[in-house]
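Subject: Structure handover

Hello,

Please find the structure below. My notes on its helices follow.

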Amino acid sequence: MHARSTLSAIFNIQSSIQEKHGICYWPYRVDKPVILAPMAGVTDLPFRRLCHDQGAGLVVSEMVTSDVRLWNSTKSRHRLVHDAEVSPRSVQIAGGDPKMMAEAAQQNVELGAQIIDINMGCPAKKVCNKAAGSALLKDEALVREILESVVNSVSVPVTLKIRTGWSQDQKNGLTIAKMAQDIGIQALAIHGRTRECKFQGQAEYDTIAEIKHHLTIPIFANGDIKDSETAKFVKDYTKADGIMIGRAAQGRPWIFREINHYLQTNELLAPPSLSEVRQLVINHVNALHQFYGDYLGVRIARKHVGWYLQTLADKTQFRSLFNRIDNTQEQLDKLEEFFVCQ
């Protein structure tokens, strides 16, 4: 069945099937309306599994380049591991060439992707300088070509992540969103900033609300959602179907269960105990070691532990020590010692 012709598809949420336990999606049931944003260098397989366990209704992979000639790099090989993914497996691709994007979508589906997500939201220079990510919002004709090419190339649903526009003077998010829906995009995540804003200033939600008002496909609101109360405010204000969490999950993956609880009960969930955080961090670092191997695993664990330490109000002394460790077992031993002393 072709993605364009699916009437309900994965993300076609209808108000008549809203239930207190979650939202029915066809052919999947995603019980929780809070999802993990794709973040390069962050949302690898161990982190996606962790966030899913902590209540993320859907987790999206790190951005994969559409240039399949580059897929032999160590970085790309790790990003293309889909068979061990939690279902439904959503893989984000990025690029500016319609044919290459279609080929990348097809090959990811062959590797096990069940949803293809298109990146038109990343503001990073190394992405935008290649006419990809949010830079594409400046060229609506090219956006149309890419969306049509990808949607027509695969038999799985295609989703899209955008910003509100290229700049404050060119805030064309609604135009892009309507185009995407007409072409067959099944769901849309919107970051409440323009490409020009990068991550500066405050996100605005009026544009997201306007887009939600005009579209029938599900909309996920993203940007500056750092706690449960903000998540509920943004969801209520924009009428979005769900919330997408990005940077706020770094070092605090339990934010998903906190937001889910607040959305359901309007009550704040008690923070995890130190013992629970200790077990979560140890398990996460172990998973990084196993996934990446000793050399890369140790190095990638450093940044994740750094984020956890910010949550734990570490005063940098242990962080400095941890960043000098080059041995997997020593990392785990020092973490155990750190939590014993808390």
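Helix α10 (residues 274-311) has 38 residues, yet its end C-alpha atoms are only 11 Å apart. A straight helix at 1.5 Å a residue would reach 56 Å (the expected span is 1.5 Å times one less than the number of residues). Helices here are DSSP runs of H or I with at least four residues, numbered from the N terminus.

This is a predicted model, in which local features need pLDDT of at least 70 and side-chain atom pairs count only at pLDDT 80 or more, while totals for chains, interfaces and linings use all residues. Residues are numbered from 1 along each chain as its sequence is written, and side-chain values use heavy atoms, with hydrogens and water left out.

Where is the kink in α10 centred? It is centred on glycine 293 and amounts to about 135 degrees (the angle between axes fitted to the seven residues ending at a residue and the seven starting there). Just after α10, alanine 313 has a positive phi of about 60 degrees.

α10 packs with helix α12 (residues 328-340) at an angle of about 165 degrees, with the axes 10 Å apart. Axes are lines fitted to C-alpha atoms, for helices over the stretch in contact, and angles run from 0 to 180 degrees between N-to-C directions. That angle makes α10 roughly antiparallel to α12 (over 145 degrees; under 35 is roughly parallel, 65 to 115 roughly perpendicular and the rest oblique). Their contact has 13 nonpolar, 4 polar and 4 charged residues (Ala, Val, Leu, Ile, Met, Phe, Trp, Tyr, Cys and Pro count as nonpolar, Asp, Glu, Lys and Arg as charged, and the others, Gly among them, as polar).

The axes of α10 and helix α1 (residues 45-53) come within 13 Å and cross at roughly 45 degrees, so the two helices are oblique to each other. Leu45, Pro46, Phe47 and Leu50 in α1 meet residues of α10 including Leu280, Phe291 and Tyr308 (contact means heavy atoms within 4.5 Å).

Elsewhere, helix α8 (residues 228-238) packs with helix α9 (residues 255-265) at about 55 degrees, with the axes 9 Å apart. α8 and α9 are therefore oblique as well.

Regards
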